[in-house]
Amino acid sequence: MGKLGQLRQSTMMIYILILILRMKTRQVSKKKKKKRHRIPTNDELLYDPEKDNRDQAWVDARRRGYHGFGIQRPRQQQQPVPNSDAVLNCPACMTTLCLDCQRHESYKTQYRAMFVMNCSVNKEEVLRYKTPENRKKKRGHKKMRSNHEDAAEQAETDVEEIYHPVMCTECSTEVAVYDKDEVFHFFNVLASHS
Ligand SMILES: [Zn+2]
């Protein structure tokens, strides 16, 4: 082996050594990196960071449902929702009973609502009313039917609607009735119109 050959060999050896060293340092730095940047799982933390957000969303949804009128306002601009016709208060103690209601088309002192406050439904007591509105609706088809069918229909629509009385929780004044569709019908209230 000449001098040139020896030089070449030792250069090769140095080169290989450098390669090995490089590989080793790379491995070490990889390990370090892994340790430093590993994100702990939620199980390890025994904590769900998403949960707070979800709870807040739930609370917001509830509040929107029950006190919806004020909170929903900004959203109404994007998605028009009919405004409440009035704020309803107990006639005896002035407690607010409802913020989002619809006035009855013909009985102007009556209001319909889904979301109320300070109201308690007495489900023990049952009130029965006949429903002239249903009959009116079906009368439109009368001409198409035979007399026999008409009689049957008449019996059907004579079925009474069942309601429960609703009281103000503060003073127990009867203020509304509650129907099977979970709608409150206020008839004894002080209404303030906006
Ligand atoms: Zn009251």
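Among contacts in the protein between residues at least 6 apart in sequence, 53% join residues at least 24 apart, two residues being in contact if their C-beta atoms, placed from the backbone, lie within 7 Å. The model is a predicted one, in which local features need pLDDT of at least 70 and side-chain atom pairs count only at pLDDT 80 or more, while totals for chains, interfaces and linings use all residues. Numbering starts from 1 along each chain as its sequence is written.

The protein holds 5 helices and 10 strands; helices (H or I, at least four residues) and strands (E, at least two) are DSSP runs, numbered from the N terminus. Buried residues account for 11% of the 194 residues. Here a residue is buried if 20 or more other C-beta atoms lie within 10 Å of its own, exposed if 12 or fewer, and partly exposed in between.

We can turn next to the core. A nonpolar core is taken as a set of buried Ala, Val, Leu, Ile, Met, Phe, Trp, Tyr and Cys residues joined through C-beta atoms within 7 Å. The largest such core has 20 residues, and those with the most contacts inside it are Leu88, Leu97, Cys119, Val175, Ala176, Phe184 and Phe186. Two or more residues each are given to this core by strand S2 (96–98), strand S4 (111–113), strand S7 (161–168), strand S8 (174–179) and strand S9 (184–186). Of these, S8 provides the largest share, 4 residues. In soluble globular proteins, nonpolar side chains tend to be buried together. Phenylalanine 184 illustrates the contacts well: leaving aside its neighbours within four places in sequence, this residue is in contact with Ala113, Val116, Cys119, Val166, Ala176 and Tyr178.

Strand pairing comes next, with two strands counted as paired if DSSP finds at least two bridges between them. S7 is joined to S8 by 5 bridges, and the two run antiparallel. Within this pair, tyrosine 163 has aspartate 179 in S8 as its bridge partner, and histidine 164 is partnered by tyrosine 178, also in S8. The hairpin of S7 and S8 has 5 residues between the strands, and serine 172 takes a positive phi near 65° there. S8 is in turn joined to S9 by 3 bridges, again in an antiparallel arrangement, with valine 177 standing opposite histidine 185 in S9.

Strand S5 (119–121) pairs with S7 in the antiparallel sense over 3 bridges, and serine 120 stands opposite methionine 167 in S7. Strand S6 (residues 127–129) likewise pairs with S7 over 3 bridges in the antiparallel sense. The bridge partner of leucine 127 in S7 is tyrosine 163, the residue that also bridges to aspartate 179 in S8.

Strand S1 (residues 87–89) and S2 run antiparallel and are joined by 2 bridges. Leucine 88 stands opposite cysteine 98 in S2, and Leu88 is also among the core residues with the most contacts.

The backbone has some features worth a look in the loops. Most residues other than glycine have a negative phi, and most peptide bonds are trans. Asparagine 118, although not a glycine, has a positive phi of about 55°. Its place is in the loop between S4 and S5, and asparagine 118 counts as partly exposed, with 17 C-beta neighbours inside 10 Å. Glutamate 182, also not a glycine, has a positive phi of about 65°. This glutamate 182 lies in the turn of the hairpin formed by S8 and S9, which has 4 residues between the strands. Glutamate 182 is exposed, with 8 other C-beta atoms within 10 Å.

Lysine 108 sits in the loop between strand S3 (101–103) and S4, and counts as exposed with 10 C-beta neighbours inside 10 Å. The C-alpha atoms of lysine 108 and phenylalanine 187 are separated by 9.4 Å, while the two residues are 79 apart along the chain.
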